Amino acid sequence: MSMQSPTYFDFISSPIGFWTVEANDSAITAIKYDKNKPHILINPSSITDRAKQQLIEYFDNERTTFDLPLNTSEYSSFYKAVWSAVEEIPYGKTSSYSQVAHHINNPKSVRAVGMANGKNPFPIIIPCHRVIGKDNSLTGYASGIKIKKWLLEHEGSIPVQKMLFE
């Protein structure tokens, strides 16, 4: 009989909404976005505290890379390869789905790369927002294109575009 380790929860408020950090005893298991304050019972741990601190530093322009344990054990080797490639995209830069597919030596896997990117359970930490269309379009993002655009503007990957009428 296997013992399931306890799950820890905490969240941060950011300029674009709330980010919930979920973890077990050894690693982060998910990061989830919500534009509204989450209704969760906060149960922090040293791992969620570290993740919260690093995310706050990211939003305060004090951090460009993350050093956190991520639990990817339940995902396929293909997903892990895609996420590993996405983690290598530097802060302030973007890459296309096709470039990621080539990077993992599977150039015909562009659609599968998009699927793996969309299922990334660790947004921002694994910067899936940095993957854009070959034509530089801001295609798909699980939390919405407005959030993707904000993150890319925040990192300086794309120029900040002010709305004419807000």
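The structure is a predicted model, in which local features need pLDDT of at least 70 and side-chain atom pairs count only at pLDDT 80 or more, whereas totals for chains, interfaces and linings use all residues. Residues are numbered from 1 along each chain as its sequence is written, and side-chain values use heavy atoms, with hydrogens and water left out.

The protein chain holds five helices and five strands, the helices being DSSP runs of H or I of at least four residues and the strands runs of E of at least two, numbered from the N terminus. Read from the N terminus, these elements follow the order β-β-β-α-α-β-α-α-β-α. The radius of gyration of the chain is 16 Å, close to the 15 Å that the globule rule gives for 166 residues, so the chain is as compact as a globular protein of that length; the radius is taken over C-alpha atoms, and the rule is 2.2 Å times the number of residues to the power 0.38. The C-alpha trace spans about 50 × 45 × 25 Å along its principal axes. Of the 166 residues, 43% count as buried, that is, under 20% relative accessible area, with exposed meaning over 50% and partly exposed the range in between (1.4 Å probe, protein chains only). Among contacts with a separation of 6 or more, 55% involve residues 24 or more positions apart, a contact being defined by heavy atoms within 4.5 Å.

Ser 14 is situated in strand 1, which covers residues 8–14, and counts as buried at 11% relative accessibility. When residues up to four places away in sequence are not counted, Ser 14 touches Trp 19 and Phe 59. The side chains of Ser 14 and Trp 19 are also joined by a polar contact of 3.1 Å (a pair of N or O atoms within 3.5 Å; within protein, one must be able to donate a hydrogen and the other to accept it, and residues adjacent in sequence count only if both atoms are side-chain atoms).

Tyr 91 occupies the loop between helix 2 (77–87) and strand 4 (95–96), and at 22% relative accessibility counts as partly exposed. Its C-alpha atom is separated by 6.4 Å from that of Glu 155, although the two residues are 64 residues apart along the chain. Not counting residues up to four places away in sequence, the residues touched by Tyr 91 include Tyr 58, Arg 130 and Glu 155.

His 102, in helix 3 (residues 97–103), is partly exposed at 48% relative accessibility.
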